Amino acid sequence: MYLLIPAAGSGRRMGASRNKLLLPLLEQPLLAWTLMAAKQSESIHWIGIIGQPADWPDFKEIVADLGLTKLVHFIPGGATRQESVYQGLKGLPAIAEQVLIHDGARCLITPDLFDRCTTELETCDGLIAAVPVKDTIKVVHSDSQVVASTPDRSKLWAAQTPQGFSVEKLRQCHDEGLRQGWEVTDDAALFEQCGLPVKIVPGEETNLKVTTPIDLTIAEFILRQRGTEA
Ligand SMILES: Nc1ccn([C@@H]2O[C@H](COP(=O)(O)OP(=O)(O)OP(=O)(O)O)[C@@H](O)[C@H]2O)c(=O)n1
Ligand SMILES: C[C@](O)(CO)[C@H](O)COP(=O)(O)O
């Protein structure tokens with residue numbers, strides 16, 4: 001399976017002075033944890049890391065330190081995650097028919113989740129890992145900050161990555177998104193807006209996205225609980 005890892009963000013919400021994927025987590029850069037799971041996945045054989053060229057020296061050092069024997073390519077990212085994935089799709093080898101996309105920032109993913117997504121992609125053209133929402137969600141009027149409604153929780157799922165697709169179909173959806181000016185935070189949204197089905201694969205509650213400083217503390221706790229050595 002081909003894997004694209006969007007890693008070209010700036011980590012604005014983390015408030016760090018550099019890409020949050022280079023911050024230490026139990027003495028390894030955050031991105032190293034994501035790559036270790038990809039390394040241990042039985043189904044992934046090709047990894048495209050989408051990054052800002054300024055970060056490439058650090059990324060290359062991480063890859064070298066991990067002794068990754070899978071094929072690793074570095075692809076220049078864009079100004080948004082959507083643009084970065086678009087660039088990533090252009091960087092795939094022409095023979096790639098299916099792809100998994102996994103945020104570098106979801107560094108607690110297990111190899112098993114990668115492999116389950118790969119297996120499910122044999123039966124569909126679009127999928128996302130997701131978990132049922134536990135909170136009661138409120139829709140709020142943005143102007144008055146007053147609650148407008150409470151959606152039925154049984155229909156709400158929190159989207160994660162990996163998200164997996166037919167490369168050809170996802171390229172078409174990205175092209176359509178560009179034409180229509182759609183701005184989305186995940187690839188499944190482009191698939192959905194093009195009227196294509198997206199299957200749910202049970203995600204992992206621990207597969208959190210490290211976004212703000214508290215997520216780093218939680219991630220460290222989970223890794224210690226797992227007994228994972230850096
Ligand atoms: N231009 C961008 C923006 C984000 N990403 C990647 O998309 C994933 C999810 O994005 P997010 O968590 O929002 O990361 P940042 O953009 O770094 O964070 P922030 O939004 O707080 O600036 C991350 O692995 C990030 O590196 C990317 O490849 N290219
Ligand atoms: C793709 C994603 O990780 C799914 O949860 C998420 O949408 C990334 O985008 P965000 O900009 O960090 O919300």
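Visitor: How many helices and strands are there in the protein chain?

Guide: This is a predicted model, in which local features need pLDDT of at least 70 and side-chain atom pairs count only at pLDDT 80 or more, while totals for chains, interfaces and linings use all residues. Residues are numbered from 1 along each chain as its sequence is written, and chains are lettered from A and ligands numbered from 1 in the order in which they are written. Helices (H or I, at least four residues) and strands (E, at least two) are DSSP runs, numbered from the N terminus. On that basis the protein chain has 7 helices and 11 strands.

Visitor: What is the radius of gyration of the protein chain?

Guide: The radius of gyration is taken over C-alpha atoms, and the globule rule is 2.2 Å times the number of residues to the power 0.38. For 230 residues the rule gives 17 Å, and the computed value is close to that, so the chain is as compact as a globular protein of that length. Along its principal axes the C-alpha trace spans about 50 × 40 × 30 Å. The radius of gyration itself is 17 Å.

Visitor: What percentage of the contacts with a separation of 6 or more comes from residues 24 or more positions apart?

Guide: Two residues are in contact if their C-beta atoms, placed from the backbone, lie within 7 Å. Among the contacts in the protein chain with a separation of 6 or more, the share from residues 24 or more positions apart is 74%.

Visitor: Which residues of helix H4 are buried?

Guide: A residue is buried if 20 or more other C-beta atoms lie within 10 Å of its own, exposed if 12 or fewer, and partly exposed in between, with C-beta atoms placed from the backbone. Helix H4 covers residues 111–120, and its buried residues are covered by elements including helix H1 (30–40), strand E6 (98–101) and strand E7 (126–132). The buried residues of H4 are Leu 113, Phe 114 and Cys 117.

Visitor: Which residue in E6 is the bridge partner of Leu 3?

Guide: Two strands pair if DSSP finds at least two bridges between them. Strand E1 (residues 2–6) and E6 pair in the parallel sense over 3 bridges, whereas E6 and E10 pair in the antiparallel sense over 4 bridges. In the pairing with E10, Val 99 has Phe 165 as its bridge partner, while in E6 the partner of Leu 3 is Leu 100.

Visitor: Which strand gives the most to the shell around ligand 2?

Guide: A residue is near a molecule if its C-beta atom, placed from the backbone, lies within 6 Å of it. The residues around ligand 2 are Arg 81, Asp 103, Ala 159, Gln 160, Thr 161, Thr 185, Asp 186 and Lys 209. With 3 residues, the strand that gives the most to this shell is E10.

Visitor: How many residues of helix H3 are buried?

Guide: Among the buried residues of H3 are Arg 81, Ser 84 and Leu 89. The buried residues of H3 pack against E1, strand E4 (46–51), strand E5 (71–76), E6, helix H5 (167–180) and helix H6 (187–193). Helix H3 (residues 81–90) is largely enclosed by the rest of the structure, because its buried residues number 7 of the 10.

Visitor: Which residues does a cis peptide bond join?

Guide: Most peptide bonds are trans. The cis bond has an omega of about 10°, and one of its residues, Pro 162, is found in strand E10. The residues joined are Thr 161 and Pro 162.

Visitor: Is Glu 27, which has a positive phi, buried or exposed?

Guide: Most residues other than glycine have a negative phi. Glu 27 has a phi of about 70° and is found in the loop between strand E2 (24–25) and strand E3 (28–29). Because Glu 27 has 8 C-beta neighbours inside 10 Å, it counts as exposed.
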